[in-house]
Amino acid sequence: LLSRAYNYSGAKAVLEKVTVKNNTVSGGGGAGILVTAESRNALATGEAKELLIEGNTVDDNAVGIHLRTCGNSLCTSGPVGSATVDATVQSNTVLNSGTGIPGHGIFVEADGNDIILNNVHDNAGSGIRIGGDNNQILNNSAAFNGVDGIHLEAGADGNLLSHNEADHNTGDGIHVTDGVNALVGNNAHHN
């Protein structure tokens, strides 16, 4: 499944109030569910806002659920203009990601999203990987993943990790590289 708000000109492109609910997505060579907001020049904005990704089973994809913002079609550099994603990812089961690179269960490369009550397990990469700012990661379970249960990338700031369970992961239960983030009431064991 793919959702994209992109803009080539000086206008504004908006993907708004979209719900992806109660689906089974499996066997893809890319992301099972991908949300991308792009802006391709300094005057353009691309927004994906008030998105709800809920109750899905995402199995055997390169990445399970991927939220990202970028400044070009390859998403290889930071935003050129302004691109935002505002999504709630909740109550999903994400497993067996890793049929390609990077193999993360839920991969967030965007700011201001809520990742709540997901069961993320048996992925080749990290269960949940956060590369953006001001995200809330609440009440998730990340277990038996090939890297970390929950991983905050270098430079990720202002994120709240609260009451998550991270167990039996190959790497760390919860890995915070740097930045100012809040960790409250999490439980990490047997990692």
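This passage describes the predicted model of the protein, from its overall make-up to selected residues. Because the model is predicted, local features were considered at pLDDT of at least 70 and side-chain atom pairs at pLDDT 80 or more, whereas totals for chains, interfaces and linings use all residues. Residues are numbered from 1 along each chain as its sequence is written, and side-chain values use heavy atoms, with hydrogens and water left out.

The protein contains zero helices and 22 strands, where helices (H or I, at least four residues) and strands (E, at least two) are DSSP runs numbered from the N terminus. Of its 191 residues, 46% count as buried; buried denotes under 20% relative accessible area, exposed over 50%, and partly exposed the range in between, with a 1.4 Å probe and protein chains only. The accessible surface comes to about 7,900 Å², and carbon and sulfur atoms hold 49% of that surface, as computed by the Shrake-Rupley method with a 1.4 Å probe, with only the protein chains shown counting as cover for residues. Among contacts (heavy atoms within 4.5 Å) with a separation of 6 or more, residues 24 or more positions apart account for 61%.

In soluble globular proteins, nonpolar side chains tend to be buried together. The largest nonpolar core has 30 residues, and those with the most contacts inside it are Ile53, Ile65, Leu67, Val85, Ile106, Ile115 and Ile128; such a core is a set of buried Ala, Val, Leu, Ile, Met, Phe, Trp, Tyr and Cys residues joined through side-chain atoms within 4.5 Å. At least two residues of this core are supplied by each of the strands E5 (31–38), E6 (45–54), E8 (63–70), E9 (82–90), E11 (106–109), E14 and E17 (150–152). When neighbours within four places in sequence are left aside, Ile65 is in contact with residues including Ile33, Ile53, Val89, Ile106 and Phe107.

Beyond four places in sequence, Asp148 touches Gly125, Ser126, Gly127, Asn169, Gly171, Asp172, Gly173 and His175.

Positive phi values, near 55°, occur in the non-glycine residues Asp122 and Asn134. Asp122 is placed in the loop between strand E13 (119–121) and strand E14 (128–130) and counts as partly exposed because its relative accessibility is 36%. Asn134, in the loop between E14 and strand E15 (136–138), is exposed, with a relative accessible area of 52%. Thr19, in strand E3 (residues 19–21), is partly exposed at 48% relative accessibility, and its C-alpha is 7.7 Å from that of Glu54, although 35 residues separate Thr19 and Glu54 in sequence.
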